[in-house]
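Biologist: Could you take me through this structure slowly, beginning with the ligand and then moving on to some single residues?

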Amino acid sequence: MAVVGVDFGNLGSRIAVAQNRGIDTITNEVNNRTTPTLVQFNDQSRSIGESALSQYTRNVRNTIGQLKVLLGRKFADPVVQHEMKWVPFQMVEIENGNLGICVTFQGEERIMAPEIILGMLFGQLARTAQGFLKTGIGYSVVSCPPYYTDYQRRALVTAYRIGGFNPLRVVNEVSAAAYGFGMYQKDLPDSHDQKVAFVDLGESCLKCSIVSFTKAGMKVLSSTYDPTLGGREFDRTLATHFAVEIQKKYKIDVMSNKRALVRLLASCEKTKKILSANPQAPLHCPCIMEDIDVSLMINRSDFEEIAAPLFAKIKGPFEAAIEAAGVTVSDIAAVEQIGGAVRIPKVQALIKEVFGQDPGRRLNSEECIAKGCAMQCAVLSPKFQVKKDWKVRDVNPNGITIHYTQKNVDGTNGDVEVSEIFSFNNVVPSSKMMTFKNGEEIEITADYSDGAKLPEGLGSRIGTFKVEKVKFPQGGKILDAHVKVKVKLDDNSLFLVESATLEEEVEVEEEKKVAKKVEEKKDEKKEEKKEEEKKEEEKKDSEDAEMKDAEEKKDEAPKVDAAPSVEEVEKVLVKKTRRTPLKIVSDINAPMTEKQILDALEQEGKMVAHDQLIIDTAEARNTLESYVYDIRPKVRGELAEYYKEEEATKFVSELDAMEEWLYEEEGENASKSTYVAKYTELKKKGDFAINLQYEATHRAECIKSVEGNVAHFTNWAKSTDEKYAHISEEDRTKVLNKCAEIQAWLSLQVAAQESKKKFEMPALKINDLRNKQDELYKFANPVMSKAKPPPPKEEKKDVPKADEAPKAEEAKAE
Ligand SMILES: Nc1ncnc2c1ncn2[C@@H]1O[C@H](COP(=O)(O)OP(=O)(O)OP(=O)(O)O)[C@@H](O)[C@H]1O
Ligand SMILES: [Mg+2]
């Protein structure tokens with residue numbers, strides 16, 4: 001199971017995987033590292049990511065984007081109301097004031113929640129990763145913008161689960177990038193920290209974090225944002241400007257036509273990018289509406305002028321981050337940039353104005369968030385041994401205030417107390433303990449501290465939590481009692497009431513074993529005792545010194561030790577702290593219940609299977625259609641001689657009928673099995689001639705090959721070469737006979753084939769020829785390659801005896 005990280009971007013999302021060799025970003029089906037955060041609904045199926053983008057302008061009303069901005073917002077939210085002017089799809093209010101997105105899918109009008117649609121995008125990312133990794137995904141970490149409230153984070157986790165992910169953590173996207181950055185820094189100082197500012201200007205939000213790094217870990221000192229600033233705002237500003245120009249020059253109102261607006265925005269984005277590298281840029285928008293091609297120009301200084309209100313807001317989050325971190329500009333060692341829109345030259349200049357230095361490029365702006373998430377997931381996973389001791393301290397930029405009250409004994413509501421339990425830029429995770437008097441039900445309501453500080457429109461309510469009416473547990477005299485409630489801001493910056501415990505100081509009667517003098521209790525043993533005392537006295541005389549020690553010890557030890565005793569159970573009063581866990585009833589503001597999430601998950605599974613069937617069906621139709629176009633000219637062309645005239649005519653008319661059927665309603669929308677059956681049927685007829693053609697074109701060459709083999713083995717068997725001298729006459733005869741047999745068969749078959757027409761089933765088939773050739777080889781080759789017998793061994797000459805040798809020598813000398 002792989003461990004992955006997901007950067008959920010408003011324009012595009014990325015997924016990275018932690019593997020033993022490092023962290024890699026996964027490319028999608030068209031080899032891009034970023035997958036468009038777009039989902040399109042069509043007549044039959046959905047198109048997600050790249051395919052949604054490529055067909056965007058064909059079906060604008062059913063192509064859903066801006067999901068990061070819309071997630072976790074109510075319909076009445078001013079941001080949603082503002083978006084309606086720009087997005088091509090329709091939005092409506094559904095139950096609880098929630099936002100519903102209207103789409104036409106499979107011929108039906110449907111209303112879907114943003115988290116369901118986002119779940120589809122996440123599902124696509126998961127499938128891309130699984131396809132790349134050839135394995136399932138285990139745990140994962142997903143990023144979100146720092147401003148996301150508790151409700152939005154829960155909506156994100158919901159979507160993430162619907163997409164089939166198993167979320168281990170939701171992290172601030174800038175912190176994720178900083179995490180990846182810090183992990184790879186080898187030169188962090190020992191003695192002091194190094195402070196780095198991270199600036200992210202993506203599609204939908206400007207973010208800034210100041211992070212302190214040491215060898216031991218990283219601390220996020222501050223995290224600020226402005227969700228009204230992002231690349232899309234510049235596109236919209238340009239679009240507004242050009243709409244006026246277009247009206248003047250071409251007399252058309254592009255703002256009134258959603259398809260035209262989508263085209264204009266896409267062109268403005270291109271123009272904006274060109275302006276980042278050039279002093280002027282064209283705006284080309286072919287066929288924007290009413291078949292009009294738009295062509296205009298803009299220069300960079302004009303762009304900076306019309307976008308001045310946006311540029312004026314850029315410095316705010318940077319300055320706020322510096323102030324919240326309690327640092328000065330000179331404390332900041334470096335500024336690192338993330339996000340596509342940070343490339344705008346004016347943005348670069350404003351960063352330099354605030355921080356006194358150009359932003360660095362040590363981060364891979366496109367991939368760093370996904371990689372940071374994957375790395376964090378690897379550290380959390382027991383499967384990887386990576387810098388587990390590198391500590392991370394993140395902050396939550398939104399303070400949380402609780403209102404709490406305890407009912408009076410008469411059932412009336414008690415006074416409401418207010419406390420900011422987690423302040424602005426509070427460390428995550430954090431927990432706080434609250435103590436209440438024992439008694440009646442406790443109610444806690446959690447809200448974001450200062451609603452005005454949250455991005456516009458986001459509800460500040462987190463949830464209400466009731467601690468059940470406290471019942472006195474049985475037994476004991478209660479000296480003191482109170483309720484301890486632990487509230488937590490968890491690793492995902494989610495607020496929760498983690499536990500509630502009744503703590504009681506009680507005096508309870510307990511049984512205790514006590515030693516008692518035997519004489520007091522057991523009269524019947526008095527005699528024995530007397531005897532013992534006697535013995536004691538006798539000892540006294542002889543063990544003076546020892547006795548002295550014993551006396552001393554007797555003083556320290558309980559009195560009962562002084563005399564023989566027995567243990568007895570006695571009731572005593574003991575003070576104790578008794579802890580009883582109490583039930584908490586949480587009513588958290590969340591977009592979906594667990595049951596709804598599971599239902600959505602099941603629905604998504606069905607849709608994925610349906611999408612696959614649609615893809616397979618389209619492929620089957622395509623195969624059938626291509627076959628018709630491919631085989632038809634051949635039937636009258638290169639394959640003509642392999643069909644009888646009437647067969648060819650019949651087949652061509654069947655192909656013509658098939659073509660017609662394919663473009664009729666029935667043929668457009670048939671099932672996969674219908675296409676496959678029709679294709680198989682046609683292919684049988686086409687293959688018949690193709691096979692005959694193959695036989696005809698390869699026959700001569702195969703006959704030649706068999707004849708060649710016959711000649712080869714005949715020559716071999718007749719050879720007088722020394723090499724074959726060991727092959728017996730009998731074996732040679734066998735081979736010659738086999739060659740003659742094969743030759744006779746061949747001559748017979750060739751004669752039979754000569755009388756056949758090209759469109760008739762051949763008498764001599766290629767396969768038979770190959771089999772005969774094999775038969776000959778298998779028969780003749782083992783005979784002719786028999787190994788030569790080894791030469792006979794030389795006889796050993798007699799060795800002269802030892803005593804005879806000198807004699808010979810002597811004889812030689814004479
Ligand atoms: N060279 C460039 N000049 C200006 N803007 C650019 C350039 N390249 C990309 N952008 C803009 O950057 C934005 C996309 O940035 P990015 O991919 O970081 O966004 P995102 O991660 O999807 O959004 P967010 O982080 O807000 O969720 C788009 O508005 C795009 O037009
Ligand atoms: Mg981003």
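Modeller: What follows is a set of questions and answers on this model, which is a predicted one.

Biologist: How many residues surround ligand 1, and which are the closest?

Modeller: The shell around ligand 1 divides into 4 nonpolar, 9 polar and 9 charged residues. Together they make a surrounding set of 22 residues, of which the closest are K68, E203, S204, E269 and K272.

Biologist: Which element gives the most residues to the shell around ligand 1?

Modeller: The elements that give two or more residues to this shell are strand 2 (12-19), helix 7 (231-250) and helix 8 (258-277). The element that gives the most, with 4 residues, is helix 8.

Biologist: Is R14 buried or exposed?

Modeller: R14 lies in strand 2, and, leaving aside residues up to four places away in sequence, R14 touches G5, V6, D7, R33, T34, E366 and A370. Its relative accessibility is 17%, and because a residue under 20% falls in the buried class, R14 counts as buried.

Biologist: Which residue has a side chain joined to that of R14 by a polar contact of 3.0 Å?

Modeller: The side chain of R14 reaches the backbone oxygen of E366 at 3.4 Å. The polar contact of 3.0 Å, in contrast, runs from side chain to side chain, and the partner of R14 in that pair is T34.

Biologist: Why does H712 count as partly exposed?

Modeller: H712 lies in helix 19, which covers residues 672-718. Partly exposed is the class between buried, under 20%, and exposed, over 50%. H712 therefore belongs to it, because its relative accessibility is 44%.

Biologist: What distance separates the C-alpha atoms of H712 and K273?

Modeller: Along the chain, H712 and K273 are 439 residues apart. In the predicted model, the separation of their C-alpha atoms is 74 Å.

Definitions and conventions. Residues numbered from 1 in each chain as written. Chains lettered and ligands numbered in written order. Predicted model: local features only at pLDDT ≥ 70, side-chain atom pairs only at ≥ 80, totals over all residues. Heavy atoms only, no water. Near = heavy atom within 4 Å. Nonpolar A, V, L, I, M, F, W, Y, C, P; charged D, E, K, R; others polar. Buried < 20%, exposed > 50% of the residue type's maximum accessible area, 1.4 Å probe, protein only. Polar contact = N/O pair within 3.5 Å; in protein donor to acceptor, adjacent residues only side chain to side chain. Contact = heavy atoms within 4.5 Å.
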